[in-house]
Amino acid sequence: MTYATTATSPYVTHATETLSILRSSTVVGTHEVYLVGTAHVSAESAREVRELMRLVKPTSVMVELCDERLRSMREKLAKNRAQSDSDHSSNPRGEFVMQAVKDFAGAFGGGGDARDGLLGAAMKTMYGFFKLTGLEPGGEFIVAIEEADRLGADIVCGDRNVRDTLRRVREKLTFTDVVNIATGHEKPGGPPPPPGMDGEFGDVEKVVELLKTRAAIAQMREFMRYQLPDVARVFVDERDTIMTDAIVNRCRGERVVAVVGMAHMDGIEHYWDLAQKRKRLGQS
């Protein structure tokens, strides 16, 4: 799916590559949403979220989390506060490799669907790798939760339950798809991945920051849609509409901050623009 440009929309303003302001001018006043796009393993994204929250002082904060993941984040926060540096493993890299091997080997045991195990192992290994390199997965959400609590702002979980999303992905995936994901194999003939993803990952944080542009994210979406079109619809398109609905119908107050992955920005802007036009027509 490609989105019509919102550059001339009165309801959407692109402030920076990672920040848009969504406006709703209605009979009840002006409603502004600060939509911040992040990379889920970017320390810079976490800093951007903290600075934005302190500047805007929102009354509601929509996060790309479901209730279950929010509980997990809060548990993580509590654990981090209680855990001292002495608790850290003396050989985290070795433990990471051993755990990854166990996860992938375990995917073929237990009598369940191997697709479930392989998908879970691939995702766990990917996030474990990012954490090992110093990039904390979901750090921007932890910051958003901390700042919302400090401000007394409502936290709105805008995403579909993670188990439902993974179930829908599993239904769409073939076994070949999962093996390709786990091994990094690409289907030939399609658009290339964005620059930075086809080379060495010596400096992961640098690669992540290079990908935080609208052009790179759009290229990433098209690459994913060619490689795994059904998965792209489940992971991106469906959740764009779900999160837009949460912003439109569940966030309260004149100032809202919405924290989402950059891959969702174009879609949310598109559906927000449509929602405001429908609202305007309904009032005329």
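1. A salt bridge is a side-chain nitrogen of Lys or Arg within 4 Å of a carboxyl oxygen of Asp or Glu. Aspartate 266 and arginine 221 meet that rule through their side chains, at 2.8 Å from N to O. Aspartate 266 belongs to helix H11 and arginine 221 to helix H9, so this pair ties together parts 45 residues apart in sequence. Helices (H or I, at least four residues) and strands (E, at least two) are DSSP runs, numbered from the N terminus.

2. Some ground rules come next. This is a predicted model, in which local features need pLDDT of at least 70 and side-chain atom pairs count only at pLDDT 80 or more, while totals for chains, interfaces and linings use all residues. Residues are numbered from 1 along each chain as its sequence is written, and side-chain values use heavy atoms, with hydrogens and water left out.

3. Is aspartate 266 buried or exposed? Aspartate 266 counts as buried because its relative accessibility is 17%. Buried means under 20% relative accessible area, exposed means over 50%, and partly exposed is in between (1.4 Å probe, protein chains only). Arginine 221 is buried as well. Helix H11 covers residues 265–283.

4. A second bridge also joins H11 and H9. Glutamate 269 pairs with arginine 214, and their closest N and O atoms are 2.6 Å apart. Glutamate 269 sits in H11 and arginine 214 in H9 (residues 214–227), so to the chain this is a link between distant parts, 55 residues apart. Both glutamate 269 and arginine 214 are buried.

5. Now a local bridge. Glutamate 44 and arginine 47 form a salt bridge at 2.7 Å, N to O. They are separated by about one helical turn because they stand three residues apart in helix H1 (residues 43–56). Glutamate 44 is partly exposed at 28% relative accessible area. Arginine 47 is also partly exposed, at 44%.

6. How many salt bridges does the structure hold? The count is 20.

7. Rings deserve a brief check. The charged end of lysine 187 sits over the ring of tyrosine 226, 4.8 Å from the ring centre. That term requires NZ of Lys or CZ of Arg within 6 Å of the ring centre and within 35 degrees of the ring normal.

8. Which residues have the most contacts inside the largest nonpolar core? They are Val257 and Val259, in a core of 25 residues. Strands E2 (19–26), E3 (29–38), E4 (60–63) and E6 (255–261) each give two or more residues to this core, as do H1, helix H2 (67–82) and helix H5 (139–151). H5 gives the most, six residues. A nonpolar core is a set of buried Ala, Val, Leu, Ile, Met, Phe, Trp, Tyr and Cys residues joined through side-chain atoms within 4.5 Å.

9. Leaving out residues up to four places away in sequence, valine 257 touches several residues, including Tyr34, Leu52, Met53, Pro58 and Met62. Contact means heavy atoms within 4.5 Å. A second, separate core has 19 residues, among them Leu22, Ile247, Met262 and Trp272.

10. Last, the loop between E6 and H11. Alanine 263 has its place there. Alanine 263 is partly exposed, with 27% relative accessible area. Alanine 263 touches Ile217, Arg221 and Val236, with residues up to four places away in sequence not counted. From alanine 263 to alanine 216 the C-alpha distance is 9.6 Å, across 47 residues of sequence.
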